[in-house]
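Subject: Structure handover

Hi,

Here is the structure I promised to pass on.

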Amino acid sequence: MADGARKKLVVVGLGMVGISFIEKMLKLDARSREYDIVVIGEEAHLAYNRVGLTSFFEHRKVESLYLNPLEWYEAVPEGALNYHLNTKVTAINSADKTVTCSTGDTVSYDVLVLATGSDAVLPRHTPGYDANGVFVYRTIEDLENLIAFAAERRETIGAVVGGGLLGLEAAKAMLDLECYKQVKVIERNNWVLSRQLDKEAGGMVVEQVRDLGVDVMLGKRVGKINTDAENNVVGVAFEDGQKMECSTVCFAIGVRPKDALARDAGLKCTDRGGGIVVDDDLLTSTPDIYAIGECASWNAQTYGLIAPGVEMADVLSFNLTQAKLHSPRKFKTPDLSTKLKLLGVEVASFGDFFADKNGPQFLPARYARKQSIVEEGLTAIQMMTGGLPPAPVKSLTYKDPFQNVYKKYIFTPDGKYLLGGMMIGDTSDYVKLVPMVKNQKQLEMPPSQLILGAKKEGGDDGDDLDDDTQICSCHNVTKGDVVNGVKDGSCKSIGDVKSCTKAGTGCGGCMPLVTSIFNNTMRGMGNEVKNNLCPHFSYSRVDLYNIVMVKKLKTLREVMVEAGTDKDSVGCEACKPAVASIFASLWNRHVMDKTTHGLQDTNDRFLGNIQRNGTFSVIPRVSAGEITPDKLIVMGEVARKYNLYTKITGGQRIDMFGARKQDLLDIWKTLVNAGMESGHAYAKSLRTVKSCVGTTWCRFGVGDSVGMAVRLEERYKSIRAPHKIKGGVSGCVRECAEAQNKDFGLIATEKGFNIFVGGNGGAKPKHSEILATDVPPAEIIPIIDRYLMFYIRTADKLQRTARWLEALPGGIAYLKEVVLEDKLGICESLEAQMQELVDSFFDEWAEAINTPAIAAKFKQFNNTEEGVDTVEQEQDRDQSRPVYWPKAAEAKEDFKGLRDRWTETTWQPMIEASYFGGADETPNGISANVKRGDTQLAVWRVKGKYYCTQQMCPHKRAFVLSDGLVGQGVPSADDCTSETPGKEEPCGGKAAPAPSPAPAPWVSCPYHKRNFDLRDGDCKNDSELSIATFEIEQRDDGLVYAKLPPVEELDAQLGTRKWMIKKGEAGEGPFEELDRKIQFKGLRAKKPGLKSNVGTSLKKPIELMAGGAGCGGGGVDW
């Protein structure tokens, strides 16, 4: 359509509904181009995700909340969309069809759409409502004001008034600020989320919220906000007379439609509650002016949720663009179903969720007709004597207080129709139940099946959902929208799905399901869903394993040349440990050899689990938990000599914590000389095979569980795998060794052992599955050999056997075919490979002690024999341990900027260059920790270049960077800048067409994988952190020099004593309140001479029972 013939569509309001409407208009009007759109936004920001407002406290970046980046607005066809920010519309002249702005500009329109949203309610009738410290929770500006204020009110109490959706979001936000010593929620009702949940469900949410440390005060109404002489908030007074101290009050008690602009223009608005009156077409009382979203009142009802607003945007955009070709759409009663995660609690309500309390708002047509016939048959006398019939609903309730799960589904009395419901804890069936309510179809299963049998084994992948099932309620996206986008080629990644459909850009709760649907659709089309290790490899861990095995690759350099995307790269912290694991599973060389040491992750690097103070744990192997007294004595002597904290593990062995790196060799020399060896607690390998005593001692034992466990642990010890492996053997069905939650487990039977596989505890526990029954002891080893080797060959990186078995096509049935029936014809190969690994066993610690090149690596500093502590110690239950980390341990200083702030710098010798001999041939280069005064500096030589930084990772103030893995990005084709400023180098060093140079390497902190650029000090995955870097070079005198400030100035900024974690930083201990409550005095024991044991009298407990103080006030109901 020609420019002059286009209609001018003006949208007032650039919120979530406004931008949704604009997006739909641009899409629907793309071909005909009937409209030029002008949007006027009152806020200074582009449209942002108000549903995800709480995440702003994590990143503090408004841009991260934008629903569309700035580039999206700029990419719109010329003239199709113009936007104005920070501009308020002050008047509407419907006669002239113009709007006046706060800037004084007048904008004409042909069609005007009001999407002004709503304001947070502030109770102006409450004394003190305007005090310093009173906030609402609605906009970015509200959050920025709260953040700034909270920083000045540390260790005070913050209060949120309102226990609804917004109130709990506000409480989460104040909690995340970590400024307030306590956050309290004040709710006038007797439970939270009273608009979505009943008392039972709301009460369970209250318990969970309190468990998170938020105090929830129920049945309280704020009568006054108390202030000091300077009008600062000092507390609140409740209507019942009670008072509470606080410095901050955030009101989250609802919203009020912003209709003042419409009222002033003479548009019809509702008097009670506010809102611009609209009809089914969303037209206001004035022609060509429409209202959508929270400002619109339809059928005397306004909606504060995003979904009804998006539905309004759908209807109006369709009618403005498609009504010429299609019957206009009408806005109908919207679905108010919600599914959110509040303070870590999954909450959902759907359909007519209060039908059992208020009576049903609607009934399925077929059932309603049947019910009306029944009611018409009642006589007046029956109505008077028997009263009205009961509410035509029945509810089915499930409550699990142990898992904090509550479900209530409401049905018609005959159980044929689902009307609505609510759920907390487990909301996985939400997307399946909402369509059942919307479609009002008769159920094909008994109601109980919806609760007890709805969850499909293996999780929800969306395969059983219809295409018209809504999977994203924020933006009304159906499964079919995602599937069609994938099939027509417009969505080739999850990012494309979010851009094309908007799924996942609201609250984000739908993303697991969206991802599953995307992956399944891609697979169904024959497309590959890539599972590459990292950008350095276009292969999965399984593919790379086979390449390395077939081509007999032994070094990272060889692997990069054969399979890498950049043959000259040093890899990264993601692929290096995976390659190291593959090498170990195939060739079993010492992990600290020159060619493999630089590949090892945090713990394998020095054969011990690194602890939070930079020391290491020492865990000798105790096969099956069986140990002699002589070995126990040696372990005790070692622990006493080196002041090691000792603890018995869940795997039946002894942990000794706090060993300094420079002491590890002497400690292990003592243990090895006593006949002990590495327990591999640091490795992705077999940890332990737990056992009960079985027939060795137990009168119930059926099999020799200890003997079998010893044989299994001795066979598989040291064998590396994609993840750690744990085993267990129980001597009878009493299962004292907990064999059924292990990667492999055996339970003795009269005929042998039952073999269980694919179980684990941990963060996501899983019960193991039975692989074989009544297996004779002689046949156990071949079966487990095949099972473990098949897992090692085919599992993904860092994939436990439980997740591997879940993902294995055919699951346990297929595994049985491969391992027991030799379906693939590889059983002999699996057994032979396992036998080679078993035969290649060596004790890593014994080799480390006896190999000078490896032994030389166990030093804290590489330029001095000194040693320093980096975390203060304290006594706890007669043992020494490091003090607790404070909640905010980060050092967020601008360390990167120190380079420009030193008063002076001079070149100073650091370490002999010969220390770095051979660095350019190793996968991680060679690093050193150098002590300069009280400062620790990390030095690297990587691919011919030196780098120098501070040794401390600022994330947890841990002095460990020199022990981190070095990574390097993959060069981009269009990046051809030199790494050295002011010095031109050939791009990539070749004459090939426009290759780019290798990017600067980074070091990945061994603790929590914060990656720091070795050249400029930037943290690549946490913008708030940085490290100091220094110029460094090798000179002809054989020394490596760094350009450093004076020692005093260096120590003042980076000294160990300045940054070490000190006593008192963490505040009150985690159990001090509990200790006061239970009067804990430490470890209890009867001492000689104390009063002898006189037993218990039960006098007070019985008196309390008789007095009715317990058991609900009525005593025990025998």
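Predicted model: local features only at pLDDT ≥ 70, side-chain atom pairs only at ≥ 80, totals over all residues.

Below is what turned up, starting with the charged pairs and ending with a sheet.

**Salt bridges**

Across the whole structure, the search comes up with 54 salt bridges. Side chains of opposite charge can pair when their charged atoms come close. Here are a few to click on.

Take D36 and R33 to begin with: their side chains meet in a salt bridge, at 3.3 Å from N to O. Is D36 buried or exposed? D36 has a relative accessible area of 19%, and because buried means under 20%, it counts as buried. R33 is buried too, at 13% relative accessibility.

Next, have a look at D281 and K330, whose closest N and O atoms are 3.0 Å apart in another salt bridge. This pair links distant parts of the chain, 49 residues apart. D281 sits in the loop between β18 (276-278) and β19 (289-291), while K330 is in the loop between α8 (306-322) and β21 (338-342). D281 is partly exposed, with a relative accessible area of 25%, and K330 is partly exposed at 43%.

Then there's E562 with K551, a salt bridge with the closest N and O atoms 2.8 Å apart.

Finally for the charges, E874, D876, R877 and R881 are linked in a network of salt bridges.

**The sheet**

Now find the open sheet of 5 strands, ordered β9-β16-β10-β11-β12 and paired in parallel. Which strands stand at its edges? They are β9 (134-136) and β12 (214-218); each has a single partner strand, so one side of each is left without a neighbour in the sheet. On average, neighbouring strands are turned by 25 degrees against each other, direction ignored.

Within the sheet, β10 (residues 157-161) and β11 (residues 182-187) run parallel and are joined by 5 bridges.

Cheers

Notes
Residues numbered from 1 in each chain as written. Heavy atoms only, no water. Salt bridge = Lys/Arg side-chain N within 4 Å of Asp/Glu carboxyl O. Buried < 20%, exposed > 50% of the residue type's maximum accessible area, 1.4 Å probe, protein only. Helix = DSSP H or I, 4+ residues; strand = E, 2+ residues; numbered from the N terminus. Pairing = 2+ DSSP bridges. Axes fitted to C-alpha atoms, helices over the stretch in contact; angles between N-to-C directions.
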